[in-house]
Amino acid sequence: MQWTKELSGLVLTIDGITLIVGLPANLLALYTFIQKVKQRATPIDVLLLSLTISDLIFLFFLPFRMKEAADMKWTMSYFLCPLSGFFFYTSIYNSTFLLTAISVERYLGVAFPIKYKLKRQPRYAVIASIIFWVVSMAHCSIVYIMQYHRHSNASLTLPFEKEVCYDEFSKEQLSILLPVRLELFAVLFCTPFIICCFCYIRFIHILSRLPNIKPKKRSRAIGLALATLLVFIICFMPYNVSHVVGFIGWYSPDWRIYALLSSTFNACLDPLIFYFSSSALRGTLKQLLRGPRHQMHTSYRRRFAKCPQLNCTATEESTQSSNDSTV
């Protein structure tokens with residue numbers, strides 16, 4: 001893959017938008033879920049918190065890609081190349097597991113409400129999150145294997161002497177990398193995507209048959225399902241399809257960089273899932289949007305409600321008048 005000014009500008013634009021939009025949204029979600037877990041943790045809160053942390057790690061290492069795009073070559077310490085790539089890809093695949101776990105949690109909650117409620121404990125979500133991190137990190141360790149792989153051909157340029165990061169692989173490297181990429185497609189994308197589709201299709205089908213579900217709640221459920229599937233299709237599918245294409249043709253496609261760009265939108269679209277999944281986040285967002293002006297207005301209305309009749313005391317009237325002038 002050769003850097004061009006057009007490609008550099010495209011990467012900087014998309015990554016910049018993702019950073020500007022995704023960082024405040026995920027920080028707000030992080031604050032909300034930490035407070036919620038402290039008060040009364042539920043499995044969905046633990047999973048959403050883990051997903052938020054995953055997105056923030058992704059956003060933390062995004063500037064490294066932006067720096068490379070701006071310079072159109074890797075100019076930072078070589079140590080940072082595999083480190084940033086490792087956490088970058090780990091965060092992407094960890095998100096697929098967590099999104100799938102959220103879909104399973106939602107499905108079990110409506111399909112087996114009584115049985116699931118009896119066994120619904122946060123520690124299971126904690127164990128699942130740890131397993132997801134371990135599996136994702138184990139698979140993405142291929143980044144380190146490729147970057148520090150010793151060539152049997154001494155004439156080839158060593159990775160740490162190149163001006164690119166995790167690119168331009170030798171045939172010897174591709175013989176290791178391409179099968180691993182195919183496994184990433186099958187295990188870390190295809191399987192979670194199938195499970196996610198099944199759970200949300202069943203989830204919506206069951207909710208549509210329940211007579212006592214409010215339309216607003218049903219709409220949020222549909223929004224949750226669509227937002228999750230949208231993340232899989234837009235963010236994860238193009239990049240993982242490149243694994244299959246590369247394995248069939250036995251090469252590393254140059255257009256992978258464009259497919260990977262769509263994965264960066266994951267950090268922007270995940271907050272939609274947070275919104276549809278968590279009433280606590282919806283409450284925090286409403287309070288933030290209302291601001292102090294609304295809080296002052298609410299306080300005034302509550303004081304006025306304590307004096308509903310016209311014969312209020314002069315002191316109460318002057319207080320209300322003073323409050324009204326400040327609102």
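**Questions about a helical chain**

Student: Is the disulfide between Cys 81 and Cys 165 right-handed or left-handed?
Tutor: Look at the torsion about the S-S bond, which is about 100° for Cys 81 and Cys 165. A disulfide here is a pair of cysteine sulfur atoms within 2.5 Å, and in this pair the S to S distance is 2.0 Å. From its torsion, the disulfide is therefore right-handed.

Student: Good start! At which pLDDT do side-chain atom pairs count?
Tutor: Residues are numbered from 1 along each chain as its sequence is written, and side-chain values use heavy atoms, with hydrogens and water left out. This is a predicted model, where totals for chains, interfaces and linings use all residues, local features need pLDDT of at least 70, and side-chain atom pairs count only at pLDDT 80 or more.

Student: How many residues apart in sequence are the parts that Cys 81 and Cys 165 tie together?
Tutor: The whole structure holds one disulfide. Cys 81 sits in helix 3, while Cys 165 sits in the loop between helix 6 (142-147) and helix 7, so the pair links parts at a sequence separation of 84 residues.

Student: Are Cys 81 and Cys 165 buried or exposed?
Tutor: We sort residues by relative accessible area: under 20% is buried, over 50% is exposed, and partly exposed lies in between (1.4 Å probe, protein chains only). By that scale, Cys 81 and Cys 165 are both buried.

Student: Why does Cys 140 count as buried?
Tutor: Cys 140 counts as buried because of its relative accessibility. That value is 2%.

Student: How many helices does the protein chain have?
Tutor: Helices (H or I, at least four residues) and strands (E, at least two) are DSSP runs, numbered from the N terminus. Read from that end, the elements go α-α-α-α-α-α-α-α-α-α-α-α. The protein chain has zero strands, and its helix count is twelve.

Student: How far apart are the end C-alpha atoms of residues 12-34?
Tutor: UniProt, in an unreviewed entry, lists residues 12-34 among its spans for "transmembrane region". Its positions are given in the numbering used here, feature names are shortened, and annotations may be inferred rather than shown by experiment. In the model, residues 12-34 are 100% helix and 0% strand, with their end C-alpha atoms separated by 31 Å.

Student: Which helices do the buried residues of helix 9 pack against?
Tutor: Helix 9 (residues 256-264) is mostly covered, with eight of its nine residues buried. Arg 256, Ile 257 and Ala 259 are among these buried residues. Their packing partners are helix 1 (5-40), helix 2 (43-71), helix 3 (80-111), helix 7 (171-209), helix 8 (215-249) and helix 10 (266-277).

Student: Which residues does Ser 91 contact, leaving aside neighbours within four places in sequence?
Tutor: Ser 91 is placed in helix 3, and a relative accessible area of 1% makes it buried. Contact means heavy atoms within 4.5 Å. With those neighbours set aside, Ser 91 touches Ser 54, Ile 57 and Phe 58.

Student: What is the relative accessibility of Met 72?
Tutor: Met 72 lies in the loop between helix 2 and helix 3. Although not a glycine, Met 72 has a positive phi of about 60°. Met 72 counts as partly exposed, because its relative accessibility is 32%.

Student: What is the relative accessible area of Trp 250?
Tutor: Trp 250 is in the loop between helix 8 and helix 9. Its phi is positive, near 55°, in a residue other than glycine. Trp 250 is partly exposed, with a relative accessible area of 42%.

Student: What is the volume of the largest cavity?
Tutor: On a 1 Å grid over the protein atoms alone, a cavity is a set of points where a 1.4 Å probe fits but cannot get out, while a pocket is an open set with protein on both sides within 12 Å along at least five of seven lines; lining residues have an atom within 4 Å of a point. Points are joined across faces, edges and corners, and a volume is the space filled by probe spheres set on them. Tyr 89, Cys 140 and Arg 256 are among the residues lining the largest cavity. Its volume is about 80 Å³.

Student: Which residues lie nearest the centre of the largest pocket?
Tutor: The largest pocket has a volume of about 860 Å³. Of its 31 lining residues, those nearest the centre are Ile 44, Glu 105, Arg 106, Arg 120 and Lys 217.
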